[in-house]
Amino acid sequence: MKERPTFPAKLATAQHPAGPGSAKARSLPAPLPPAQGLGMDSVAVRMRMVHLLQKQGVSDAAVLAAMGTVERHRFVDSALVNQAYEDTSLPIGLGQTISKPGVVARMLELLRNGATGTLGRVLEVGTGCGYQAAVLSLLAREVYSIERLRGLHDKARDNVRYARLANLHLLFGDGMQGFAAGAPYAGIIAAAGGEAVPQAWVDQLAVGGRLVAPIAAPAHGALHAKAAGQALVVLDKTAAGVRQTVLEAVHFVPLKSGVA
Ligand code: SAH
């Protein structure tokens, strides 16, 4: 039988003080027994991952704390558990991948944009295995995460259950339409890359909100547009309009329309 240690549903940081005697006062998950092929204390391996992220230049303390809390090994297949805390993307089934921790941390840091407290409502497009959604739910008041593949949506539901995240809403549908019922969003983050940012996302972003997404990099030669790869893009919506910043090259699975 697998032990299911409890999970701190919220981080006990300076920004989110937990009341005395509250269940939230626990700041670290109970250590896992050396089971499930992990073979080591999972808090220690996560801390090592967090140090690696810091070395890569991630400095947002809230992002680092959240990455140190969510048990990434619960989101990958048992055969891959030993690689769960390496900075690598891993297959999650149906041809999709969980992004590497460095990319997740980088995107969440961009999304937070130096915010001092918790973000408001956030939309994630591409739930996948639910890992990034779980990390996000420690950084935002409400998280809506949408997935177009039923099999992964169901898997994510199972994966996040242990964490009992009341502010995380997993949705099955086509994220290219966004999720209007939750709008406007303080942040929108996409884990799949399309040719352009869908207009629905821009419309559903609050004024003052920020969107982080991979999109097809501008083609150098029109004939080779597909080979041009992707870049990380940040959109800031202000009263005066939308400002776009193109950042480094990235490699994400394609954003597709419809559900399957
Ligand atoms: N953040 C995820 C990464 C999953 S990979 C994780 O932590 O595991 C990206 C996911 O985006 C895939 O599961 C893919 O099915 C999904 N996706 C692609 N196009 C989509 C769309 N239009 N709407 C919702 N999800 C989409």
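**Entry 1: helix α2**

I listed the buried residues of α2 and found A62, V63, L64, A66, M67, G68 and T69. I took buried to mean under 20% relative accessible area, exposed over 50%, and partly exposed in between, with a 1.4 Å probe and protein chains only. The model is a predicted one, in which local features need pLDDT of at least 70, side-chain atom pairs count only at pLDDT 80 or more, and totals for chains, interfaces and linings use all residues. Residues are numbered from 1 along each chain as its sequence is written, and side-chain values use heavy atoms, with hydrogens and water left out.

I then asked which elements the buried residues of α2 pack against. They pack against α1 (42-55), α3 (101-112) and α4 (131-137); contact here means heavy atoms within 4.5 Å.

At the N-terminal end of α2 I noted a cap from D60, with a side-chain oxygen 2.9 Å from the backbone nitrogen of A62. I counted a polar contact as a pair of N or O atoms within 3.5 Å; within protein, one must be able to donate a hydrogen and the other to accept it, and residues adjacent in sequence count only if both atoms are side-chain atoms.

**Entry 2: helix α1**

I checked the length of α1: its 14 residues reach 20 Å from the first C-alpha to the last, close to the 20 Å expected at 1.5 Å a residue. The expected span is 1.5 Å times one less than the number of residues in the helix.

The buried residues I recorded in α1 are S42, V43, V45, R46, M49, V50 and L53. They lie on the same side of α1, because they cover an arc of only 165° around the axis. The arc is that of the directions from the helix axis to the C-beta atoms. The cover over these buried residues includes α2, α3 and α4. After α1 comes G57, whose phi is positive, near 110°.

I repeated the length check on α5. Its 12 residues should span 16 Å at 1.5 Å a residue, and its end C-alpha atoms are 17 Å apart, which agrees.

I found L152, H153, A156, N159 and V160 buried in α5. These residues fall within an arc of 125° seen down the axis, so they line one face of the helix. They pack against the strands β1 (90-93), β2 (96-98), β4 (140-147) and β5 (168-172).

I looked at H153 separately; it sits in α5, residues 150-161. Is H153 buried or exposed? H153 counts as buried because its relative accessibility is 4%. Leaving out residues up to four places away in sequence, H153 touches E147, L170, L171 and F172.

**Entry 3: the ligand**

I counted 27 residues around the ligand, the closest being T97, E147, D174, G175 and K256. A residue is taken as near a molecule or strand if one of its heavy atoms lies within 4 Å of it.

The protein covers 99% of the 570 Å² of accessible area that the ligand has on its own. Accessible areas come from the Shrake-Rupley method with a 1.4 Å probe; for residues, only the protein chains shown count as cover.

**Entry 4: backbone details in loops**

I located a cis peptide bond between A183 and P184, with omega about 5°. P184 is in the loop between β5 and β6 (185-190).

I also recorded positive phi values in residues other than glycine. N113 has phi near 50° and belongs to the loop between α3 and β3 (119-125). R164 has phi near 45° and belongs to the loop between α5 and β5. R164 is exposed, with a relative accessible area of 59%.

**Entry 5: the whole chain**

I counted 6 helices and 11 strands in the chain. Of its 260 residues, 51% are buried. Among contacts between residues at least 6 apart in sequence, 58% join residues at least 24 apart. The chain exposes about 12,000 Å², with 56% of it supplied by carbon and sulfur atoms.

Notes:
Helix = DSSP H or I, 4+ residues; strand = E, 2+ residues; numbered from the N terminus.
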